[in-house]
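User: I'm new to this one and would like a quick tour of its charged pairs. Could you walk me through it?

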Amino acid sequence: EKDKRNSLQKLQDITHIIQPEFYRDQFGKFVVVLGKRVYDLKDTVYKSQLSVKYYEEFGDVFSETTFSKHLSLGIAQAVSKEPRKFPSRIHRIGEKIYYDTKEGVWEFYRGEFFVYTADDPEVPVIFRRYEDNKDAPLEITDESPKELIESITNQYRHDSLQWEYIASFFEPEHSHPIGLFNGEAGAAKSTVSQFIKDLVDPSIATRINFPKDEAGFDPYREKFYVCNYDNIRKITPEIADELCRQAVGSASVKRALYTDGGLYISSGKPRITLNGIKPEPAAFNDLLDRIYPVFMRKLENNKDEEEVTKDISLLLPKIRFTCLKAISKAISTPNEKYERMPRMAAFTLLCEKLNIQFGGTKGDFLEIYRSKIRIAHDAGLDDTFAAVLIEFINLHNNSVMSYSALEWYQKIKEWASEEITIEEDNGKYSYGKKVLIRPEMEAIVKDKDF
């Protein structure tokens, strides 16, 4: 008997076989879920799966009009439901951390772990996987994240980059300061930011061009868990405000394109790294409170970038495992009490717990982080030589100083190269250098009198 149903009715029958579910995601966009896979409504993968099943069942193809009507029915279903979050790469539920390696999902809870297959129906979260996501394998080891991370950062002289900061990228719920890598040419700023991206959220898009306006951030904050913006030249006040919103997870509401009154909500709390930034200090106080500055020195013997990447990639699976294990312990540990917490308090408390977990003394991380923020404000992230000059003069305020430009340069450079030493009850420890003398500043001070 001839099937008298129209193509839409037949297509709806196919949906009973593959059982798609329609939702609005955390960004307000309509998506379809097949098993443990999430697709945009107009994604060709979803349409292809429908086409194959339709042809197998009826020996025919459906039209674009039929597919559009099917999507309209799906949207009607999605509108009747609460929006659902489909995280990218990493997710936290209570004290449990879930990490998507693309080949499977690892669950970490108080230092213990369990591994699910990628499409296991028992996994309590559905991850959004994109074509440019790379595999992120984990390797079980008893080594510590501190030793593994420092074996990389110390090798490339990034000794002012605390290992706790890198490990904190694996905690997805807290507000997180923007990593800002600043220094001379040849200081491997891009190398360390790429290391963080490859470690936490490996992708074909390792480095992203910095957007020219606020709207330019939307596709990145939705698609990537770690956004690595490379070679930043300028930040406007509007973009500085947008970066602050992203650091704390605030949503941006805009008018949707091609609508009169429809709203588009861009939310999410991506982890962000920047290098090459030069903002004006007075205009960016809020941003300076939400960054983690790393002042880098020029490497004496630069390694070939391919060689560097190869060396680092061998350790990534172990570092991922140790960081996730350490984070799962830290988030289940009660917070200590501290005075005068920085603005990014939850982040600071997490890093303090990581520091103590691996033999550090209470307040170690906090003291260095405070110093970093203070230096960032003093330096303005733009004129590091000026910051050194101000501090040098303050330290010699009872002296009469009369130097030529070259003598100024030599004395200040020698003073600025000294390590900062902090005295604690249990002894002394040093971290990094006070500040960098940028090449362009060297030229200014050599050529001009004060």
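**Salt bridges, pair by pair**

Analyst: The side chains of Glu-242 and Arg-245 form a salt bridge, 2.7 Å from N to O; the term means a side-chain nitrogen of Lys or Arg within 4 Å of a carboxyl oxygen of Asp or Glu. This is a predicted model, where local features need pLDDT of at least 70 and side-chain atom pairs count only at pLDDT 80 or more, while totals for chains, interfaces and linings use all residues. Residues are numbered from 1 along each chain as its sequence is written, and side-chain values use heavy atoms, leaving out hydrogens and water.

User: Which helix holds Glu-242 and Arg-245?

Analyst: The two sit 3 residues apart, so about one helical turn separates them. Helices here are DSSP runs of H or I, at least four residues, and strands are runs of E, at least two, numbered from the N terminus.

User: Is Glu-242 buried or exposed?

Analyst: Buried means under 20% relative accessible area, exposed over 50%, and partly exposed in between (1.4 Å probe, protein chains only). Arg-245 has 25%, so it's partly exposed. Glu-242 has 0%, so it counts as buried.

User: How many residues apart in sequence are Lys-362 and Glu-336?

Analyst: Their side chains meet in a salt bridge at 3.7 Å, N to O. Lys-362 lies in the loop between helix 12 (345-357) and helix 13 (364-379), and Glu-336 in the loop between helix 11 (316-330) and helix 12, so the pair ties together parts of the chain whose separation is 26 residues.
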